[in-house]
Amino acid sequence: MSAPIPEAFDSEVDLLSDSGLSQLAEHAHAISGCAYSVVAARHGPGRWSAASWGVDPTAVGGDRLIALALQTLLLRKPWMVADALADSELRLHDSVVAEPWLRSLVGVPLIGEQGRVLGALCCLDPEPSHQIETLGARLSPFARDVRNALQHQLAQRVPPIPAERRPQAPEQQPQADTACQVDREALLDALQALFSLGRAAGVGLLRLECLDLDRLTASIGVEASDQLMEALAGRIRSQL
């Protein structure tokens, strides 16, 4: 059973400080039993910090491992990989085919009020996991406690906007059904974190979920679907 965050985290430790994040990373390591853990937190728009356990960012592959862990920021749900060598997206990743020989990971995005990503927890190991679902369930209560504590501390730092000064939401307009929808603000925020925290050079992994892609392919054909994906990639590159 996972241990809760010690009360000192709420009352004495600044979770957005380097020491606070380091304690969270150590706690995630103790709960998961994984060799490596990474915790990232969002201070504000474009402002991120991270801490790790068992990972030396200056060692061979250490920076790539941290950058990979931060991919959790791009997801809206837990990311679990039991064996990276059997995963089509990760099997050729530098941290899998070379030092530190990553084989399994569990990443949990910390989603606050109004769907804003506050940070992420990620635990990684050089051995494949035969109980990846159990590991994810063990980390979930800890991730929830960290999310609540971060949300509370951020609220203490930023005064709430008076109701009369809050921008009014525009009238909702019906949107056309589309196969691929991108939350531009969330995507930009996550990419900013990757750029500011990840030290790895070279090509990164950008994970996007395209809804109903099978239905789209069945409707317009494989060739046209591939062309649409290429056009989407070009538009992301040119407009981000």
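Strand β1 (36-44) is largely enclosed by the rest of the structure, because nine of its nine residues are buried; here buried denotes under 20% relative accessible area, exposed over 50%, and partly exposed the range in between, with a 1.4 Å probe and protein chains only. Strands (E, at least two residues) and helices (H or I, at least four) are DSSP runs numbered from the N terminus. The model is a predicted one, in which local features need pLDDT of at least 70 and side-chain atom pairs count only at pLDDT 80 or more, while totals for chains, interfaces and linings use all residues. Residues are numbered from 1 along each chain as its sequence is written, and side-chain values use heavy atoms, with hydrogens and water left out.

Strand β1 pairs on two sides, where pairing requires that DSSP find at least two bridges between two strands. With β2 the pairing is antiparallel over seven bridges, and Ala40 has Ala50 in β2 as its bridge partner. The two strands form a hairpin with two residues between them, and Gly46 in the turn has a positive phi of about 75°. With β5, strand β1 pairs in the antiparallel sense over six bridges; Val39 stands opposite Leu121 of β5.

These pairings belong to an open sheet of five strands, ordered β2-β1-β5-β4-β3 with antiparallel pairing. The edges are taken by β2 (47-53) and β3 (79-81), each of which has a single partner strand, so one side of each is left without a neighbour in the sheet. On average, neighbouring strands are turned by 10° against each other, direction ignored; axes are lines fitted to C-alpha atoms, for helices over the stretch in contact, and angles run from 0 to 180 degrees between N-to-C directions.

Helix α5 lies across β1, β3, β4 and β5 (117-125), running at about 30° to β4. Ser140 is placed in this helix and counts as partly exposed because its relative accessibility is 34%. Although Ser140 and Val108 are 32 residues apart in sequence, their C-alpha atoms are 7.6 Å apart in space.

Helix α5 (residues 132-157) also packs with helix α2 (residues 18-32): their axes come within 10 Å and cross at roughly 155°. The two helices are therefore roughly antiparallel to each other, given that angles under 35 degrees count as roughly parallel, over 145 as roughly antiparallel, 65 to 115 as roughly perpendicular and the rest as oblique. In their contact (heavy atoms within 4.5 Å), Leu24, His27, Ala28, Ile31 and Ser32 of α2 meet Leu135, Arg138, Leu139, Phe142 and Val146 of α5. By class, this contact has seven nonpolar, two polar and one charged residues, where Ala, Val, Leu, Ile, Met, Phe, Trp, Tyr, Cys and Pro count as nonpolar, Asp, Glu, Lys and Arg as charged, and the others, Gly among them, as polar.

Helix α3 (residues 62-69) is likewise largely enclosed by the rest of the structure, because seven of its eight residues are buried. Those buried residues are Gly62, Asp63, Leu65, Ile66, Ala67, Leu68 and Ala69.

The chain as a whole contains eight helices and five strands. Of its 240 residues, 40% are buried. Among contacts with a separation of 6 or more, 67% are between residues 24 or more positions apart.
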